[in-house]
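Please look over the structure shown below before reading on. The report then goes through its sheets, its helices and the contact between its chains.

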Amino acid sequence: MDDMPGIITENSALIPGYHRLTVRLERPLGKVSPGQFVMLKVPDPEVFLRRPFSIYDARDRTVTVMYRVVGKGTDALSRARKKAPVMVLGPLGRGFSIPPAGACLVIAGGIGYAGVRMLLKRLGKRAALFLGITGKTELPLLSDLKGVEVLTATLDGSHGYHGNVVSLLKERFAPHRSQGPTIFACGPKGMIISLKEFLEPDKVPCQVSIEERMACGLGLCFGCIAETKDDTNPFKRVCKEGPVFDLWDLSL
Amino acid sequence: MGPLAVDILGKTLKNPVMNASGTLGYGIEIEPLWNIDILGAYVTKGLSEKPHHGNKTPRVWEERCGMINSIGLQNVGVEYFFSHYFPFFEEKKLPIIVNFFGFTEDEYVSCARKIPSHDLIVALEMNLSCPNIKKGGISFGKDAPAVHNIVRAVRDVTSVPLIAKLTPEVKNIVEIARAAHEGGADGLTLINTMPAAIIDTRTRSMPLKGGLSGPVLKPIALRAVYECYREIPIPIIGAGGIMDVEDALEFLMAGARAIEIGTATFVDPFTMPKVIAGLNSWLKENNYAGIPAITGIAHG
């Protein structure tokens, strides 16, 4: 873990409102586990705190994140130009733990894809991605994903399965069930809750990456917490004990 | 001890730089980035007699020149701190200030009783001012007689030096500081966060009320330090929006014996090491022998 200066080398809109940002760092980020994140200092004096982003890719001296413009910080970031200086703190948090063998089903909703993209790359042919998006206009987000089976659900029915991604999983889960798969998920809270309801009867092993407002990203401030079933200490830090949690430990 | 050394409450600290309570976790979390024993002292996360779970999310929200938090004093409890985290500071021989609070006067007293006397414990820092906890409408820090009484009650059960950490949300902070002093406080920490709120226009709601911190607070804190330094004859630890060495110098010149850095660490986790190095260079460049030579110098 380190805090390093870098220069933006790419900040392109893949589709309106969704950007991919690459930063060239002074030094390599070090060993990254899929699911870990960075805290980025947005190059705009109006943005006071850093912002957390899942690591989308990290190689040599570059780190890439994908983000959706949702508020003041991401809006300012979307307007940052190439060569703008940023500070990158990371890699942070606890990522996914990848089982040594076995099938892996990865469930992503919308920009949640950014949180599992590195995992998908690591898993390669072991993984199938169940992706939930609004419509086919969001398909370009996947443009650089190769060698992974992708099953798509669109809310408007414009591509693949018509409906939400958990309904799609329900429909296709039967052949996977016998193989004792591990599920990985990242997406909106509603998706995680309906995924939990579906997996509940068999308590299928499932790791979820969750999102929360953060201040420090280092476990210093206790500003980002997830409620768990641990009676003595229910509030865990998303930035430190997470952002990846065992679904069955969370109180949702 | 080098040129940054300061004497406070009967101890000599190697420099006047500390973290503000609750902004450096339990201390161990910063270790991957820098060694915590560079600090003059570590100030613990606010501890209570029993563990406390704190508030639900959202707990933090950004403001233009700062942030608002409503953590709700989540902590492991005073006994767990001393059994699990204190050995880390013992190993490093790093002095600590134990920040603590209660929801009732009795809880303040029983929490203070559980804090042992130890060479490394510089003082107890009484949180009389958290905006995020109020039970039964009691706010301990805003009324001079109440401050006097609660400080006195704690004073009676501990021999460890006692610091009162005060809220800026009072009519006259000098009056509150005097009440703390007369109640038996040996020092003051000025100031805690300021009660504030957020409105989210997208959801047309108020997602968070809590304590405002960051650079927006600095001039308010400086005034509190400046005025209490003139009137109250006990050491002051300055806190509130210190972002860099220049800010730290302002507090020292206003009369602070030491300073606490909080929110700045979230923006740049290396703020504290940078301030320590910056103070060293500043003293050299300006030909001062040490920190005491500039403490309160703004008073002429």
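## The sheet of chain B

Helix α8 of chain B (residues 271–285) lies across β3 and β14 of chain B, and runs at about 170° to β3(B). Here helices (H or I, at least four residues) and strands (E, at least two) are DSSP runs, numbered from the N terminus, while axes are lines fitted to C-alpha atoms, for helices over the stretch in contact, with angles from 0 to 180 degrees between N-to-C directions. This is a predicted model, in which local features need pLDDT of at least 70 and side-chain atom pairs count only at pLDDT 80 or more, whereas totals for chains, interfaces and linings use all residues. Residues are numbered from 1 along each chain as its sequence is written, and chains are lettered from A and ligands numbered from 1 in the order in which they are written.

The open sheet of chain B has eight strands in the order β3-β14-β13-β10-β9-β8-β7-β4, with parallel pairing; two strands pair if DSSP finds at least two bridges between them. Because β3 (17–19) and β4 (42–43) of chain B stand at the edges with a single partner strand each, one side of each is left without a neighbour in the sheet. Three bridges join β3(B) to the parallel strand β14(B), residues 258–261, and Asn19(B) stands opposite Ile261(B) in β14(B). Helix α5 of chain B (residues 218–231) also packs on this sheet, where it touches β10 (187–190) and β13 (236–239) of chain B, and its direction makes about 165° with that of β13(B).

## Two packed helices in chain B

The axes of helix α3 (residues 144–155) and helix α4 (residues 173–183) of chain B come within 7 Å and cross at roughly 25°. α3(B) and α4(B) are therefore roughly parallel to each other, given that angles under 35 degrees count as roughly parallel, over 145 as roughly antiparallel, 65 to 115 as roughly perpendicular and the rest as oblique.

The residues of α3(B) that meet α4(B) include Val147(B) and Val151(B), and those on the side of α4(B) include Ile176(B) and Ala179(B); two residues are in contact if their C-beta atoms, placed from the backbone, lie within 7 Å.

## The sheet of chain A and its helix

In chain A, an open sheet of seven strands has the order β4-β3-β7-β1-β2-β6-β5, and the pairing is antiparallel. Its edge strands are β4 (51–54) and β5 (57–59) of chain A, each of which pairs on one side only. Eight bridges join the antiparallel strands β1 (residues 2–15) and β2 (residues 18–25) of chain A, and Ile8(A) stands opposite Val23(A) in β2(A). Helix α2 of chain A packs on the sheet and touches β4, β5 and β6 (62–68) of chain A, its direction making about 145° with that of β6(A).

Nine of the 11 residues of α2(A), residues 113–123, are buried, so this helix is largely enclosed by the rest of the structure. A residue is buried if 20 or more other C-beta atoms lie within 10 Å of its own, exposed if 12 or fewer, and partly exposed in between, with C-beta atoms placed from the backbone. Among the buried residues are Tyr113(A), Met118(A) and Leu123(A), and the helix is followed by Gly124(A), whose phi is positive, near 55°.

## Where the chains meet

The contact between the chains takes 30 residues from chain B and 21 residues from chain A. On the side of chain B that touches chain A, β5(B) gives the most, with four residues.
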